[in-house]
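Dear colleague,

I am passing on the structure below, and would be glad if you read the notes that follow with it open beside you.

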Amino acid sequence: LQTLEGACSSAQPSGSSKPRKPSFNFSWSEEVQAKLCSVFQLSKFRPLQQAAINLSMSGKDLFLVMPTGRGKSLCYQLPALCSKGFTLVIAPLVSLMEDQLMYLKSVNVPAVTLNASSTKEDSKQVLAGMIDKNSPFKLLYVTPEKIAKSKLLMSKLEKAYNMGLLARIAVDEVHCCSQWGHDFRPDYKLLGILKRQFPKVPLVGLTATATSNVLKDCQKILCVQEPITLTAPFNRPNLYYEVRFKDNEDCVDQISQLIRERYKNQSGIVYVFSQKDAEAVATDLQKRNILAQPYHANMEPSDKSLVHQRWSSKKIQVVVATVAFGMGIDKADVRFVIHHTISKSIENYYQESGRAGRDDGSADCIVFFGFADIFRVSTMVVMENTGQQKLQNMVAYCQNVDRCRRAMMAIHFDEVWNDDECNQMCDVCRHDYITMDITKHARDVVTIVEMASSMDEKLTPLKVCDAWLGKGPAKHRKTIKVTSLSRLEVESIIIHLLLHGYFSEDFSFTPYTTHFYLKLGRKAALLKKDNHSITMKMRRRVMSHATVKIRECKTKLDFLSV
Ligand code: ADP
Ligand code: MG
Ligand code: ZN
């Protein structure tokens, strides 16, 4: 008897290059195999594709989690071709749909779209085609807004369903359903109507990044009873992960040096925080003779695609981009992704850095981790429910020197992970660190904030640094000794205290901007006890040996407890 477990295990990557016959036979297996070659012109499946297709063909609901660029689309396009009727595909961006339609046209697969820019005439034809027994198209791409807003579309779907013509529902970028995901889109929340109205139609949700919590949330929102989840390994063994402490003075110099030397003649992306930064950093790089151009949401669509095109064809080396440069990038030979500013979450970082090395060649992912940036990003995400928590996780990833970077990501994505698998492909695995006792430092800096608050004054993180370093108004540092630590060390300790609850964030809104202040955290009072101590690991070159007493740490640090 054929079991679906059989279907799953047969989808493991085959090591041999000779095309192999399917090791099992479903009624659709032959057709699927034939169309893989004849229509899609592919010689074999990639990991998980066959399992996903078999599960979906057999009518199961499915969540497919697979890194970007590994071929999720095939997992509903091929079943669409081998089924009666048409497959409804929900995708978040019109530009994504258009890319897909162009590709499908090039391989002669009939596919259409309904979106805000469809003409009346087109819409009429599409709506009629949905209930045509001869199915003039095999795939229908729509935006979630269409489902939410068009009663006409819903009524046609219902008719098609009753005629047995609605073969399958594919929800692309399915994490957009969940507020816990990195890219929530409100209209996705309403897609539960599909499974409620059309319970017999198998649904497949596709995403590149989703934690198990996000998936559970999606399952609930989409009203899917018992989906099977297939997860491709998240690890990208060819990517080298590195975090550098950012010194605003010479960050761009460091980046341009990397680009000119290490990445000479190679393509890459520099991600920045804002449109203004995109323009400024691009200009700075151009001044240093680097072929760089900015990319951000506020540019004309034609300018955006021009930059994308010039970069794809290697006419420019670097795109200096905000996160607007994302979905739809399919350049395989990206050799570096440098973050000039930290991402707002680990999901975002994984996604953005993951645009490097899609060709499986080695590539670098470097974050410049800046003290002031934490608070810029923090005020940007202040309205998001889980924004601060997600940012804290990202900051902890950067601040961490205790665990392999891959391990940090694995923990975040609920993956089982063995540290040896990194193969020294991250800075933590490559470097040495020291453990130091920072209790005395912590007492000093906490006193600064405590004293300010007793004078009814709020201090920004920058003011706290200054006071501790002996700058700014004297009243802020009356009872403490000015520290002999460097600015980077001071910043690093403040971040550590923030991550571990000795400080916490205090936002204040003005009509024009949001301010971030430091206040005492829930653990600050512990520092009053004589026997309370705090240790912290640091990279050797950050902490100058002369200024601190180094002590070997005997107890395990709780860096991951944030
Ligand atoms: P995703 O949606 O997972 O980001 P896509 O479905 O857009 O990825 O596919 C990315 C690329 O991978 C496409 O160019 C596609 O043709 C290619 N691809 C998909 N499946 C295979 C396969 N089995 N063998 C070779 N290339 C494939
Ligand atoms: Mg995709
Ligand atoms: Zn590592």
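Helices (H or I, at least four residues) and strands (E, at least two) are taken here as DSSP runs, numbered from the N terminus, and the expected span of a helix is 1.5 Å times one less than its number of residues. This is a predicted model, in which local features need pLDDT of at least 70 and side-chain atom pairs count only at pLDDT 80 or more, while totals for chains, interfaces and linings use all residues. Residues are numbered from 1 along each chain as its sequence is written, and chains are lettered from A and ligands numbered from 1 in the order in which they are written.

The helix α12 (residues 275-287) has 13 residues and should therefore span 18 Å, which agrees with the 18 Å between its end C-alpha atoms. Its buried residues are Asp277, Ala278, Val281, Ala282 and Leu285, where buried stands for 20 or more other C-beta atoms within 10 Å of a residue's own, exposed for 12 or fewer and partly exposed for what lies in between, with C-beta atoms placed from the backbone. Seen down the axis of α12, these buried residues fall within an arc of 125° (that of the directions from the helix axis to the C-beta atoms), so they line one face of the helix. On the other side of α12, Lys276 and Lys287 are exposed. The cover over the buried residues includes α11 (251-262), β9 (267-271), β10 (292-295) and β11 (318-321), a contact being two C-beta atoms, placed from the backbone, within 7 Å. After α12 comes asparagine 289, with a positive phi near 65°.

Turning to the strands, six of them form an open sheet with parallel pairing, in the order β8-β13-β12-β9-β11-β10; two strands pair if DSSP finds at least two bridges between them. At the edges are β8 (239-245) and β10, each of which pairs on one side only. β8 and β13 (residues 363-369) pair in the parallel sense over seven bridges, and tyrosine 241 stands opposite cysteine 365 in β13. α12 packs on this sheet, touching β9, β10 and β11, and its direction makes about 175° with that of β10, where axes are lines fitted to C-alpha atoms, for helices over the stretch in contact, and angles run from 0 to 180 degrees between N-to-C directions.

As for the protein chain as a whole, there are 21 helices and 17 strands, and buried residues make up 42% of its 562 residues.
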